[in-house]
Amino acid sequence: MISVSEALERLFALARPLGIETVPLLQAHGRVLAQDVAAMRNQPPFDGSAMDGYAVARVAPGLRLRVIGESAAGHGFYQPVKEGEAVRIFTGAPVPEGAKAVVIQEDVTREGDWITIGDTPEDNDHIRPTGGDFRIGDTVSAGRVIGPNDIALMASMNIADVPVARRPVVALISTGDELVMPGETPGPDQIIASNTFGLHALMRDLGAEPRLLPIARDNEASLRTAFDLAQGADLIVTIGGASVGDHDVVANLAPQLGFDQSFYKVAMRPGKPLMAGRFGAAMMIGLPGNPVSAMVCGHVFVAPVVRAMLGLPAGAAPRRTGVLAQDLPANGPREHYMRARFEDGGLVAFGSQDSSLLSILGKADALIVRMPKDGPRSAGARVEYLPIR
Ligand SMILES: Nc1nc2c(c(=O)[nH]1)N[C@H]1C(S)=C(S)[C@@H](COP(=O)(O)OP(=O)(O)OC[C@H]3O[C@@H](n4cnc5c(N)ncnc54)[C@H](O)[C@@H]3O)O[C@H]1N2
Ligand code: MOO
């Protein structure tokens, strides 16, 4: 059995980066920027006014000036302003040549075409200089998930088409004779497939393109059909059949069908019978079937792999530090991801950590990470956890 960190390293070695595609700006939200993009223009493209008021060549209280024109946003005034003159100006308008400051209209008295400057602070010229926000060639750096603020910035830079990482296509295959789809009527010894649905949502959140394939039954022909249907995927994720039982088809049959295994079994709880390797042109991860194991492995392994495929830094799922609100006993030999909730700001692990209990996973805010053989921890101790909400 290998450690969680070694498993992650091997997974990153198996992942292949994806190509780049160009999407219209409106579709770039949530995608990963695949190349630096550069501003096509200066912003502002001219010295512009930050206020409504009067553009003047000199500011002095009591100065009387003649208003010679008007500069509004989208309608500049293209004559110089000289000593003794002022130009009526509005926020966002180009400042005329010769103007050294804008006096806000609250600090001015106007009579006809004449203004008199009143008491006004002289430390702010209210002029936004050309390129004060960004200049031609300034870049937004690749390797970031594009958020609303990035979209606004790129729009302002006149970037209408954005190079983004192609979404990894993730084929999700549930295996087992006992499974039916949600909405179907299960037989007396059947249950509803849940793992592929939770993982589908997780993949969507990460910016992948999940494909839910039909359930593979516990026989070679059915598993072969599922792998055939998975062709074209960048990542194949199987769920269940990973352990040592006679009917555990993925562990028993996948190598005969083309699975080139890199590792099998990780010293973690839940999630021990995890496997990974390549399957033809795709990477493959075989998750254990127990529902909590599958979801925890989704957070701990599949999510970092998808991020790496998208060109984000290859690293473990980000952890935070929290304070225990209760004592915890010593941990066993496997790295333990304990389902826990926050109570008054402190972490409380659930009493049952059985890997079949989705009702507890559903109430959990966090997975407390216990390293192998970690000693007992007292209430008040600081521990690492993965946020899972
Ligand atoms: N003798 C041993 N038995 C088991 C071991 C072991 O080391 N020795 N490991 C246990 C551990 S740990 C786990 S985890 C499970 C994993 O087994 P499999 O990956 O083979 O999973 P299955 O047997 O197919 O299913 C386990 C459990 O989960 C349910 N299941 C499966 N797929 C789904 C799905 N898509 N949605 C909802 N539920 C699913 C399945 O019905 C079973 O109840 O093995 C232990 N055994
Ligand atoms: O490792 Mo299994 O995934 O604990 O139930």
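Ser174 is buried, because 26 other C-beta atoms lie within 10 Å. That is my starting point today, and please keep in mind that this is a predicted model.

Ser174 sits in strand E13, which covers residues 169-174. Leaving aside neighbours within four places in sequence, Ser174 is in contact with Leu179, Ala193, Asn195, Thr196, Ile215, Ile239 and Gly240. For a distance along the fold, take Leu223: 49 residues separate Ser174 and Leu223 along the chain, and their C-alpha atoms are 9.8 Å apart.

Staying on the strand, Val170 also belongs to E13. Is Val170 buried or exposed? Val170 counts as buried, since there are 29 C-beta neighbours inside 10 Å. Not counting residues up to four places away in sequence, Val170 touches Met203, Ala208, Glu209, Pro210, Arg211, Ala233, Leu235 and Val237. Val170 and Arg224 are 54 residues apart in sequence, with 17 Å from C-alpha to C-alpha.

Val237 takes us to the core. The largest nonpolar core holds 85 residues, and Ile236, Val237, Phe301 and Ile368 have the most contacts inside it. Which helix gives the most to this core? That is helix H6, residues 291-309, with 13 residues. Apart from this core lies another one, of 19 residues, with Leu65, Val81, Val102 and Val108 among them. As for Val237, again not counting residues up to four places away in sequence, the residues touched are Val170, Ala171, Leu172, Leu199, Ile285, Leu287 and Val302.

Next, the division of the chain. The domain assignment gives four pieces: domain 1 is 4-17 + 167-309, domain 2 is 20-43 + 132-165, domain 3 is 48-128, and domain 4 is 320-387. Between domain 1 and domain 2, the C-alpha centres lie 34 Å apart. From the record, an unreviewed UniProt entry carries the annotation "domain: MoaB/Mog" over residues 171-308. In the model, that span is 36% helix and 26% strand, and its end C-alpha atoms lie 17 Å apart.

Now the ligands. Around ligand 1 there are 25 residues, of which Gly240, Ala242, Ser243, Pro288 and Gly289 come nearest. Which elements give two or more residues to that shell? They are helix H3, residues 195-206, and H6. By class, the shell around ligand 1 has ten nonpolar, twelve polar and three charged residues. Gly240 was also on the contact list of Ser174.

The peptide bond from Arg269 to Pro270 is cis, with omega near -5°. Pro270 lies in the loop between strand E19, residues 268-269, and strand E20, residues 275-279. There is another cis bond, from Gln43 to Pro44, with omega near -10°. Where is Pro44? Pro44 lies in the loop between strand E2, residues 37-38, and strand E3, residues 48-49.

Then phi. Lys265 is not a glycine, yet its phi is positive, about 85°. Lys265 lies in the loop between strand E18, residues 259-264, and E19. Lys265 is partly exposed, because 17 other C-beta atoms lie within 10 Å, and the cut-off for buried is 20 or more.

Lys373 also has a positive phi in a residue other than glycine, near 60°. Lys373 is placed in the loop between strand E25, residues 366-370, and strand E26, residues 382-387. Why does Lys373 count as exposed? Lys373 has 11 C-beta neighbours inside 10 Å, and exposed means 12 or fewer. Leaving aside neighbours within four places in sequence, Lys373 is in contact with Asn331 and Pro333. Lys373 and Leu206 are 167 residues apart along the chain, and 32 Å separates their C-alpha atoms.

To go back to where I began: Ser174 is buried, whereas Lys373 counts as exposed. I will stop there and take questions.

Technical notes
Residues are numbered from 1 along each chain as its sequence is written. Chains are lettered from A and ligands numbered from 1 in the order in which they are written. This is a predicted model: local features need pLDDT of at least 70, side-chain atom pairs count only at pLDDT 80 or more; totals for chains, interfaces and linings use all residues. A nonpolar core is a set of buried Ala, Val, Leu, Ile, Met, Phe, Trp, Tyr and Cys residues joined through C-beta atoms within 7 Å. Helices (H or I, at least four residues) and strands (E, at least two) are DSSP runs, numbered from the N terminus. Two residues are in contact if their C-beta atoms, placed from the backbone, lie within 7 Å. A residue is near a molecule or strand if its C-beta atom, placed from the backbone, lies within 6 Å of it. Ala, Val, Leu, Ile, Met, Phe, Trp, Tyr, Cys and Pro count as nonpolar, Asp, Glu, Lys and Arg as charged, and the others, Gly among them, as polar. UniProt positions are given in the numbering used here, feature names are shortened, and annotations may be inferred rather than shown by experiment. Domain bounds come from an automatic or database domain assignment.
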